[in-house]
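Dear colleague,

Please find below the structure that I am handing over to you. My notes on it follow directly after.

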Amino acid sequence: LGLALYTGSLCAASGAAFLYHDYCVIGAGPSGLQAAYFLQRAGRDYVVFERSHAPGSFFALYPRHRKLISINKRYTGKSNGEFNLRHDWNSLLSHDRRLLFQRYSRDFFPSADAMVRYLEDFASLLKLRVQYNTAIVHVTLERDEQAWNGHYFLLTDQDRQNYKCSSLMVATGTWVPNVVNFPGSEYVEGYETVSINPEDFAGQTVLILGRGNSAFETAENILGVTNFIHMVSRSRVRLSWATHYVGDLRAINNGLLDTYQLKSLDGLLEGDLEDLAIVKDKKGKLHITLRFYLENRNTSADINSIILPQDELDNFATRAPYDRVIRCLGWKFDFSIYNRSLRMMPGKGNKKKYPQIKPSYESRGTRGLFVLGTASHSVDFRKSAGGFIHGFRYTTRAVHRLLENRHHGVPWPSTVYPITQLTNSIIKRVNEASGLYQMFSVLADIILLRENATAFEYLEEYPVGVLAELEVHTGRKAPSGLFVVIMEYGRNFSGADKDVFYYNRAVGEAQHAWQSNFLHPVIYYYKRLPTEHEMRLRPPDWPLPRPDAVHHIVEDFLTDWTAPNAHILPLRRFLENCLGTDLRNFFAESCFLFAFTRQKLPPFCQQGYIRMQGLVGSEGLRRHAEEAGLLEDYALTDFSSDRPPDSPEGSQDQLLRDHVVPVRPLQHLVNAKDE
C-alpha cells in the first residue's frame, strides 16, 4: 500500500511538473531563432530549447575548415534593403538594421566564427526566449479534444523536466553524420573528427568518400601536401552553376576538378560505397577491394590470402594502397527522439535524410508539428534554396503566417490597390522582392481580384504547393480569379549534364520570353482557384497546374525588369487581355473626351478623373506639356494688366493663371497623347 501511494504521488508530481507554452521550438539555430523572432513580434507565448550553451552550435564545429559558402555581398549599387537581401545569404529577417550580417564580416565567403557571433547577438539583442543547456530527449503526444490540434505535444529534457505545448516547431536541422557500413569501415575517419591541419597529411595518399561540398572542402585543404587524392561516390559531380542549386559543388571548393582534368594525379570515381571493402595490411596501408571478394573467405586468414581486384584486373583504378580514408557523406535528421505516436517518417529516395512534410511545412503524420530550416528541405530539395539561410528565413515567415491565421484568426498580410496599380505592383515586386528571388518556384505572390476587377488584393510570398488551400491558410477569399507571380529558370536549362555556357544561351526579345533560360518572372492567371486534384496532376517540374493564361517576362542580364518596351508593355497587355480592360493611365483631357465618346471609361478615368482626382494644373506643368508636344501653346490673355499686382483682384487672377491649364478646343482632343 505504501509503495502504491508513493508511486501515485510521483505520478501526480510529474503531472503537475509540466511547463506549458503555446509554441515550443526545438533548436536555436538560424531557423529556430527566426521563428522565435516572429513569435515574439506577434506577442505569442513560446520557448526555444537549445541543447548547447549558445545558439548556432552547429556552426561552432561546421564547416570544419571554417569558411562558409554562403555569399556576403556588401555592395550592390543600390540602397534598397529588400533588394540587397537577394545577395545577402546570411542575415536573418528582423527590423533591426544592426543585425545585417555585413556588419559582422567583410569577407565575400565569411568565416563560420562570424556566424556564431551573429547568431549570439541576434538572440541577445532581440531578447529572444531561448532556454539553453536543454536537450529534448523525447517527444510524444497527449490526446485532448480541447487542444488546438486535438492533442498536446509532451517534451522531456535530459533532466526529466517535462513541457507541454499546443504547437511544435522542429528546427534542429540535419546534424547526424551519414555513415555507410561495409567491411573495413572501422578504418574510416569521419569528417566531423578528422584533422584539419594540412601538415598531418603531408606525403600521404588519401581516399575521400563523398562528392559534396564537405568532401571537396576537405580535399581543398590538403590538395597541396598529399601524394594524390581520390574521391569516390555513387553519383557524378554536380556543379552548382549547371544545376542552379546552391547545395551542389561550389566553385570555391572545386580545385580537385582542375588537378583531375589536368592530369595531376588526383581523380574522381563513381561506385556504390556499400559494395566496397577496406583491408588493412601489416604496414597500416589501406587496400580497397569489393565486398563479394570477402564474403566466403576465412575471417582469420592473412591479408596475403585475400583476393584483391588488381589480382584479376591489373589496371584496377584503386589498386594503390591509401594511408587514410575519410568519410564526407553529409548529415541526416535525428528521428530518435520522436515517439511513434508522432509518425515522423523519413522521406523516400534521395529525401530519406529529411522527415516527410507537406508543402505547408507541416508533418504529414501529425497536425500542428512543423519542420523548419534545413530539415524542411524535402519540399524543394535540389530545386530551390529552402535548405539554406537565404531560403528558409522566408519559409519560416510563411509558416508563422499560416499559424497566425489558424490559431489566432490573423489573416495573411495583404494590401488592397485599385486595379490601375496592377502593373506597377507586379513590376515593383519582381525588381525588389528577395523572397521570390531566393525561393524561386516555391514562394509566390498571389493577386486576388475583386469583383468586376476594379481592385485587387496583394499577398506576398505564399507557398505555391498549397495554392489549392489558399482560402483556408490565409483567411482571404478568391471569388473572382487570381494571378500568381513567381520566379523560374528555363525548363531545360538546369542539370548536372547541361552546358550552361553555350552560345546564344540568353534570350533578349520579348516575343521569345517563354524561352528564357535564366531566372525570370512568370505570371500565371487562373479564372478560379486551382483544386487539390489539379495540383496533383500538374505537369512534371511545373510549380503550378496549367493556367488559363501565362506570361513570361523576358530574362534580363541585369535582373532589372523595368524596360518600357521589353518588360512593362508586354506585361500590361497580358494583364489587359486577362481582365478585358484598359490599364493605361490617361491625361485629364483624354478622360474628358472618353466621357463624351465612350459608354465605359477606362479604370484610370473612373477611379481618378470622374472622382475629381488627379494632377492639379500649374504653369510649370502646362509648359512641360507644351514642350513635350502634348498641348498647343495657347497665349494667355491678361485681363488684369491695368490692375496693380498687389491688389486683391490681381492676386486672384495671378493665382488662376498659375494653377489652371487652359482648356483646348474639342477638335484637338482626339490628338492628345496618353501617358
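The paragraphs below set out what was found, beginning with the basis of the values.

This is a predicted model, in which local features need pLDDT of at least 70 and side-chain atom pairs count only at pLDDT 80 or more, while totals for chains, interfaces and linings use all residues. Residues are numbered from 1 along each chain as its sequence is written, and side-chain values use heavy atoms, with hydrogens and water left out.

**An open sheet and its helices**

Helices (H or I, at least four residues) and strands (E, at least two) are DSSP runs numbered from the N terminus, and two strands pair if DSSP finds at least two bridges between them. An open sheet is built from six strands in the order β17-β19-β18-β20-β21-β22, with antiparallel pairing. Because β17 (414-418) and β22 (549-552) each have a single partner strand, these edge strands are left without a neighbour in the sheet on one side. From one strand to the next, the twist averages 20 degrees. Angles here run from 0 to 180 degrees between N-to-C directions, and axes are lines fitted to C-alpha atoms, for helices over the stretch in contact.

Within this sheet, β20 (residues 482-488) and β21 (residues 520-526) run antiparallel and are joined by seven bridges; Leu 482 faces Tyr 526 of β21 across the pairing. Helix α12 (residues 422-432) packs on the sheet and touches β17, β18 (443-449), β19 (455-463), β20 and β21, where contact means heavy atoms within 4.5 Å. The direction of α12 makes about 20 degrees with that of β19. Helix α16 (residues 564-579) lies across β18, β20, β21 and β22, and runs at about 175 degrees to β22.

**Aromatic pairs and charges over rings**

Rings of Phe, Tyr and Trp (its six-membered ring) pair if their centres lie within 6.5 Å; planes under 30 degrees apart count as stacked, over 60 as edge-to-face and the rest as tilted. The structure contains 30 such aromatic pairs. One of them, Tyr 20 with Tyr 152, is edge-to-face, at 6.1 Å centre to centre and 85 degrees between the planes. This pair links distant parts of the chain, as Tyr 20 in β1 (residues 19-26) and Tyr 152 in β5 (residues 151-157) are 132 residues apart. Tyr 152 is buried at 15% relative accessible area, whereas Tyr 20 is partly exposed at 36%; buried means under 20%, exposed over 50% and partly exposed in between (1.4 Å probe, protein chains only).

Ring pairs also link Tyr 37, Phe 38, Phe 101, Tyr 104, Tyr 118 and Phe 122 into a cluster.

A charge sits over a ring if NZ of Lys or CZ of Arg is within 6 Å of the ring centre and within 35 degrees of the ring normal. Lys 78 is placed in this way over Phe 83, 4.3 Å from the ring centre, and Arg 546 over Trp 542, at 5.0 Å.

**A helix pair and a hairpin**

The axes of α2 (residues 30-41) and α11 (residues 389-408) come within 9 Å and cross at roughly 35 degrees. Residues making this contact include Phe 38 and Leu 39 of α2 and Phe 392 and His 400 of α11.

Strand β12 (residues 276-280) is largely enclosed by the rest of the structure, because four of its five residues are buried. Five bridges pair β12 with β13 (residues 286-290) in the antiparallel sense, and Ala 277 stands opposite Thr 289 in β13. This hairpin has five residues between the strands, and Gly 284 takes a positive phi near 90 degrees.

Yours sincerely
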